[in-house]
Amino acid sequence: MTERTPLPGKKYKLSINMFVLLMVLVIAVQGTYLGYVVGMLTTLEKRFGFSSEKSGWLLSLYDIGHTMAILLIGYIGSHYHLPRITGIGVILSSLSMFMLALPVLFYGTADYTQEELLQKKEAYAMEMSCDVNERREISSQGEDCWREHKEHTNAFIILAFGQLFAGIFAAPFNTIAYVYIDSNVKQKRESPFLLGLLTSMYAFGPALGFLLSSILNGVYTTLGDAPDHIGTHDEHWIGAWWLGFLLCGSAYLVLALPFFFFPRTYKHPDSFHLMLEQSRPEVSPEDRLTFKENIELFLREFPMVLKKLLSNKVYITMVIAWMFGSYLIGGYQTYLPKFIETQYGRSASMADIYSGIISVGAIAVSTALGGWILSRFNIAPRSSIICLIGSWVVILVSYIIGMNLGCSQPNVEGLSYVDYADRWHFYHHREREQQCLTYCNCETILKFDGVSRNGQNFYSPCHAGCTDYNVYTNTWSNCQCLEGDFVNKGLVHPECDIFFAYLAVMMIGLFIGNLFFMVTMMIVLRSVFDEEKVIALSLASFITNLFGFIPAPVIYGFFIDLCCILWNRQCPNERGNCVLYDNDKFSKMFHGVNGFFQVFAIIFAGICYWVSKSVKLPEEMPMVEFPESREREYRDEDEE
């Protein structure tokens, strides 16, 4: 008997490692898709005329769908075959990816012919030039406003449902798949490393997504040559946004099949899970509950289950700490590309790449390393909470340092700060008071199209007094405010060499700060009994999504908008999107909001530690308090 013992163990270890490997790849694809959507938002806005508000809804719909499904999947999933449910989720996730690419079939790739592009550029020249003949009216710029409300509505609906379904179908990935691994490892000390490896992919995956979006934004949407005189920085350039969704969907399909070949459990013969199954009476196929009956059972039993979990002080305090800690991903990481782009004058593609570097170099690597440290040194649950608190303090310190490593915003002609009003003002329709703009009719310009020359920045070619535009070279000349000189597209940012210092501070801070993030999930799983783990982790994810990931973009967006000093009003009586921020205020607001939520995460982690000292976790209970099956399981682990 003794000689045959290692053989099942060897088979067991190989099988569970294969499941972990598959989940690492699945979560990598999921993370890649999440980062890709963020990186492609600007392209989707240009292609389908979406407003920033609509784009924000597209991001939130994923978390809304995920939150809707996670509790139901968690409760019902605990009664079914966990690997197969995960496999079904992977297949359906692939279909949601293909659905996100559908608009390219219905509405084309929006490739412009030479004649169409020339007509558009001639209209642009009329719209943005110094209008000495006063032929331009504000209403002439309202075409985009009507198009935004009327065109591409169906495309938005398709993308919205694609995002919603992607969130729903991904519900098994970070709940029942985690529980399957945690419940099937033969030694509990292995669990933090394996789960940390999976969680690290949620940071590594978006970095791949940012890289993929950066690459495909440089590929023209037709996958062929772009029209002449149109480059990647041209407003008419549309990247191959649809190709990334097809790649993610195909990757999901390839990974789905193996999940259907894993057994329900790999537990050793006298484990709790196996004995629980054997203790249940045999149920004939006629007596088994239907899906509808399972839903009804869920609605009846869930309030009691919820009450039991919410009364578990260790569990609920750590869930709240996890929720506040999630603002690092839901808020900071979401708006980090925007912060780098506006604060340090980096291009959108380079901002995506730097954000990916922070995701990989700090969050992904440290999460995996932290899981290994917890497993290697077999750190006890209470001691691990102390490690978590210490690492989160480091994040807080990095936010405080980061808010003082900003750059000044570009100076734009006509933009001034009014001390008594504590506000920035732009001309106030008094452009004609400027000698070079007296006859330019620039007050009718609503759309921002920044140009610059010799360190001077202008809101538009009109505000520089430019009258001549070359549609082939895409340049403005004969600019009266520059004594007839030409201008370059885009704003010139003041010299600032502090960016890489900021990058280093945040990478070090987030690396140390995320070392023990896996402790949140570990305590959630260790504070409940085995049969409660699926619903406990699902409830924790539900709370984190509902009060963390879903509101985070809205909260951060609100505070970031408070830092705007110049708006791009594309339509009359509308504010539009922000084109220039008060960088000092932006830096302090961005990191201050992050620090605020981080303080509460630290406080509740401290409360969890204090509460845990007065209660016994399930694995610490004396054997006399366990049923015979539990006693055997825990005795086996102690002997090992």
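This is a predicted model: local features need pLDDT of at least 70, side-chain atom pairs count only at pLDDT 80 or more; totals for chains, interfaces and linings use all residues.
Axes here are lines fitted to C-alpha atoms, for helices over the stretch in contact, with angles running from 0 to 180 degrees between N-to-C directions. Helix α15 covers residues 327–344 and helix α21 covers residues 551–561; their axes come within 8 Å and cross at roughly 45 degrees. Because of that angle, α15 is oblique to α21. The crossing of α15 past α21 is right-handed.

Which residues of α15 and α21 meet? On the α15 side they are Tyr327, Gly330, Gly331, Tyr332, Tyr335 and Lys338. On the α21 side they are Pro551, Ala552, Pro553, Ile555, Tyr556, Gly557 and Ile560. By class, the residues in this contact of α15 with α21 comprise nine nonpolar, three polar and one charged.

Helix α9 spans residues 176–184 and helix α20 spans residues 533–549, and their axes approach within 9 Å, crossing at roughly 140 degrees. The crossing of α9 and α20 is right-handed. From α9, the contact draws on Ile176, Tyr178, Val179, Asp182 and Ser183; from α20, it draws on Lys533, Val534 and Leu537. The contact of α9 with α20 holds five nonpolar residues, one polar and two charged.

I now move to the sheet. Five strands make up an open sheet with antiparallel pairing, and their order is β4-β3-β7-β6-β5. Its edges are β4, at 456–458, and β5, at 466–470, each of which pairs on one side only. From one strand to the next, the twist averages 35 degrees.

Strand β3, residues 451–453, runs antiparallel to β7 and is joined to β7 by two bridges. Val451 lies opposite Lys489 of β7.

Next come β6 and β7. Strand β6, residues 475–479, and strand β7, residues 485–489, are antiparallel and linked by two bridges. Trp476 faces Val487 in β7, and Cys479 faces Asp485 in β7. The strands β6 and β7 form a hairpin with five residues between them, and in the turn Glu483 has a positive phi of about 55 degrees.

The remaining pairing I wish to describe is that of β5 with β6. How many bridges do β5 and β6 pair over? There are four bridges between β5 and β6, in the antiparallel sense. Cys466 has Cys479 of β6 as its bridge partner.

Finally, a word on confidence. The average pLDDT over the chain is 76, and 75% of the residues score at least 70. Two stretches deserve mention. Over residues 1–14, pLDDT stays under 50, and the model has five contacts for this stretch beyond four places in sequence. Over residues 626–640, pLDDT also stays under 50, while the model has 30 contacts for that stretch beyond four places in sequence.

Conventions:
Residues are numbered from 1 along each chain as its sequence is written. Side-chain values use heavy atoms; hydrogens and water are left out. Angles under 35 degrees count as roughly parallel, over 145 as roughly antiparallel, 65 to 115 as roughly perpendicular and the rest as oblique. A crossing is left-handed if the near helix is turned anticlockwise from the far one by less than a right angle, and right-handed if clockwise. Contact means heavy atoms within 4.5 Å. Ala, Val, Leu, Ile, Met, Phe, Trp, Tyr, Cys and Pro count as nonpolar, Asp, Glu, Lys and Arg as charged, and the others, Gly among them, as polar. pLDDT is the predictor's confidence in each residue, from 0 to 100. Two strands pair if DSSP finds at least two bridges between them.
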